[in-house]
Amino acid sequence: MKKAAIITLTGNFNYGNKFQNYAMQEIIKKNGYKVYTLWNKSYPYTFLRPIKTIVKNMMMPIKNKVDAKRRWNFYKFSKKYIKTYHKIIYTGMDLKFLNKKFDKFIIGSDQIWNVV
């Protein structure tokens, strides 16, 4: 069976993203593909990243229960309905690997081009 990869936002925070991801996955499946959503992080790893994350987390106020519950519900939905393929992309070699793994790539959101 041919494989297709959806490239889209993958965080557990946005209703529109989850709905478009799920809908696109189902349409592609109906066209005879085994579908995965790429869960990727395309940033270079540096020794500062963990430090930045720790400082950011320390400075954030404690999340309220409503936000935590919302994120948990997004996570459960994704786990149940969206098939993901986890691959951290650091170099062109990683992209070549994915090119061998999948027959098609589909961009699922204009926001993947957002640099922030």
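**Entry 1: I6**

I began with I6, which I found in strand β1; strands here are DSSP runs of E of at least two residues, helices are runs of H or I of at least four residues, and both are numbered from the N terminus. The model is a predicted one, in which local features need pLDDT of at least 70 and side-chain atom pairs count only at pLDDT 80 or more, while totals for chains, interfaces and linings use all residues. Residues are numbered from 1 along each chain as its sequence is written, and side-chain values use heavy atoms, with hydrogens and water left out.

I looked up the relative accessible area of I6 and read 0%. I6 is therefore classed as buried, a term that means under 20% relative accessible area, with exposed meaning over 50% and partly exposed in between (1.4 Å probe, protein chains only).

I then listed the contacts of I6, contact meaning heavy atoms within 4.5 Å. Not counting residues up to four places away in sequence, I6 touches N21, M24, Q25, I28, V35, Y36, T37, L38, I106 and G108. I also noted that the C-alpha atoms of I6 and G108 are separated by 6.1 Å, although the two residues are 102 residues apart along the chain.

**Entry 2: strand pairing**

Which residue of β2 stands opposite I6? I found T37 in that place. Strands β1 and β2 run parallel and are joined by six bridges; two strands count as paired if DSSP finds at least two bridges between them. On β2 I also recorded a parallel pairing with strand β3 (residues 84-86), over three bridges. Within β3, H86 is the bridge partner of W39.

I checked the cover of strand β2 (residues 33-39) and found five of its seven residues buried.

**Entry 3: N21 and Q25 on helix α1**

I placed N21 in helix α1 (residues 15-30), and Q25 lies in helix α1 as well. Is N21 buried or exposed? N21 is buried, because its relative accessible area is 1%. Q25 has 2% relative accessibility and so also counts as buried.

Leaving aside neighbours within four places in sequence, I found N21 in contact with I6, T8, T37 and I82. With those neighbours again left aside, Q25 is in contact with I6, V35, T37, Y81, I82 and K83.

T8 is found in the loop between β1 (2-7) and α1. Its relative accessibility is 6%, so T8 counts as buried.

I searched for polar contacts, defined as pairs of N or O atoms within 3.5 Å; within protein, one atom must be able to donate a hydrogen and the other to accept it, and residues adjacent in sequence count only if both atoms are side-chain atoms. The side chain of T8 has such a contact of 3.2 Å with that of N17, and another of 2.7 Å with that of Q20.

**Entry 4: salt bridge**

How many salt bridges are there? I counted one, taking a salt bridge as a side-chain nitrogen of Lys or Arg within 4 Å of a carboxyl oxygen of Asp or Glu. The side chains of K29 and E26 form a salt bridge at 3.2 Å, N to O. Both residues lie in helix α1, three residues apart, about one turn of the helix. K29 counts as partly exposed because its relative accessibility is 41%; E26 is partly exposed too, with a relative accessible area of 22%.

**Entry 5: nonpolar cores**

I next looked up the nonpolar cores, each a set of buried Ala, Val, Leu, Ile, Met, Phe, Trp, Tyr and Cys residues joined through side-chain atoms within 4.5 Å. The largest has six residues: A5, Y36, L38, Y85, L98 and F102. A second, separate core has five residues, among them A4, I28, Y33 and V35. In soluble globular proteins, nonpolar side chains tend to be buried together.

For Y36, I listed contacts with K3, A4, A5, I6, K83, T84, Y85 and F102, not counting residues up to four places away in sequence.

**Entry 6: the whole chain**

The protein has four helices and four strands, in the order β-α-β-α-α-β-α-β along the sequence. Of its 116 residues, 23% count as buried.
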